[in-house]
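Dear colleague,

Please find below the structure that I am handing over to you. My notes on its salt bridges and nonpolar cores follow.

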Amino acid sequence: MKLRYKYSILIGFTILTLSACVTKKYERPQVKNDGLYRDINTTDTTNMADLPWKALFSDTTLQSLIQKGINENLDLKQAIERIKISEATLRQSRAAFLPSLQADVSVTDAKQAQAALNFPSGININLETQTYKAQLSTSWEADIWGKLSSAKKAAYATLLQSDATRRAVQTQLIATIANSYYTLLALDKQLAITEQTIKIRMQDVETMKALKEGAVVNGAAVVQSEANLYAAQVTLPDLKRSIKEAENALNIALAQAPGTVNRTTLDQQVAYTDLKTGVSAQLLQNRPDVIAAEFGFRSAFENTNVAKTYFYPALTLTAAGGLTSLQLSNFFDNSIFYNLVGGLTQPIFAKGANKARLTTAQANQQIAFYTFQQALLTGGQEVSNALYAYQTAEEKETTRAKQIASLTKAVDFTKELLRYSSATNYTDVLTSEQSLLTAQLNGINDRLQKLQSVVDLYRALGGGWK
């Protein structure tokens, strides 16, 4: 017994050694993950990606919309269903280690023509027999070269990739809802400013008419003031259309029909300012699409291991046993049969299938590596762009506030000059009013850029799924 035990250990050790020679253990490939953020040199690992999304957005209305999107969004639900598919594949790969088992119950009729004894030549009789058979058969493949274990690891990596993809969908969904919400608030603000401008210009028309009656201005000034009014009014339909379209787009993300979206105002928004990016190597653990890309590479790596095992012999054990009899009445009497077969199959000529399988697997592994590296580089680019967008928005906000203040004074001054002196004409008023409206609308865009760049930076760093 002890000798048999020693032989078993020796055989097991030999199998593991041979398997290690064929398949390789996974190690993360060498990819560029340092210095991916432009003009950012820091060793501080504090990262805003670690923030829960509710900590980033203080607007409770926006929080409710994001939560509804997470619960109802159809893209996210599709990603969850893909996880279920990957789980089923993993269960199947685990079951491959177990022997298969089949049950077979059959009745066979056999007829045979035979020359009858004691009868004239050429006379035959038909012999008919019935065979009753019930058997269980099983088959099991020994995982000598690690084919089954590598296939299981590939399936597990695919499952983890599916889960990471779901998280990537969620981070993108949160960013989409937040950015759409801010766009909607900006359009509301632009509409409000345009409507206020129209009211002012309607008053200007009346003022110009009064000044004409007083011979202060001529008819050209009245016509110009009316044209100035129409120029503001003509922008209203497009603004209202943009608002409807923004609402519809946001409703799609929420998996609901087009309609009005509950919201606050742009002035109530407070942009998050503690923009900590950490170091770019943290993209490997924070950014879901990068994580998914690595698991994709890992799955391809294990599939390459599987392809290598097809060049080596496969050990299969099959067994069958059951009952068989020519008479149903004595089916359970002395009718037991069984067999056990061990087979070793060595591929010799497979029409190039094994080489093609390995070449394909290796190419897919290399493609997966490039995808992994590309995901990291893209992440670094998006972080750099979002951070610079925030910085430029801040710079513009400061300068824009000064510009609007100066243009407001210019409008007031030119109107006063027009009323009480001939030092100016309505063209100066028109120019200053148009410049003021443009600056006000651009100021809203600056504010929108600042809010959205925070969202984009948060998503680019991998925030939103923790």
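R166 and D163 are separated by about one helical turn, because they stand 3 residues apart in helix 5; helices here are DSSP runs of H or I with at least four residues, as strands are runs of E with at least two, numbered from the N terminus. These two residues form a salt bridge in which the closest N and O atoms are 3.3 Å apart. The term denotes a side-chain nitrogen of Lys or Arg within 4 Å of a carboxyl oxygen of Asp or Glu.

Please note that this is a predicted model, in which local features need pLDDT of at least 70 and side-chain atom pairs count only at pLDDT 80 or more, while totals for chains, interfaces and linings use all residues. Residues are numbered from 1 along each chain as its sequence is written, and side-chain values use heavy atoms, with hydrogens and water left out.

D163 also forms a salt bridge with R167, with 3.4 Å between the closest N and O atoms. D163 and R167 both belong to helix 5 and lie 4 residues apart, about one turn of the helix. How accessible are D163 and R167? D163 counts as partly exposed, at 26% relative accessibility, whereas R167 is buried, at 12%. Buried means under 20% relative accessible area, exposed over 50%, and partly exposed in between, computed with a 1.4 Å probe on protein chains only.

In helix 7 (residues 236–253), D238 and R241 are 3 residues apart and so separated by about one helical turn. Their side chains meet in a salt bridge, at 3.6 Å from N to O. D238 is partly exposed, with a relative accessible area of 44%, and R241 is likewise partly exposed, at 42%. Elsewhere, salt bridges that share partners connect R287, D289, E382 and R459 in one network. The structure holds 21 salt bridges.

I turn now to the nonpolar cores, each a set of buried Ala, Val, Leu, Ile, Met, Phe, Trp, Tyr and Cys residues joined through side-chain atoms within 4.5 Å. The largest has 69 residues, and F57, I177 and Y182 have the most contacts inside it. Helix 5 (residues 147–213) supplies the largest share of this core, 15 residues. Leaving aside neighbours within four places in sequence, F57 is in contact (heavy atoms within 4.5 Å) with L62, Q63, I66, I174, A178, Y182 and V455. A second, separate core has 8 residues, among them L211, A221, L418 and V429.

With kind regards
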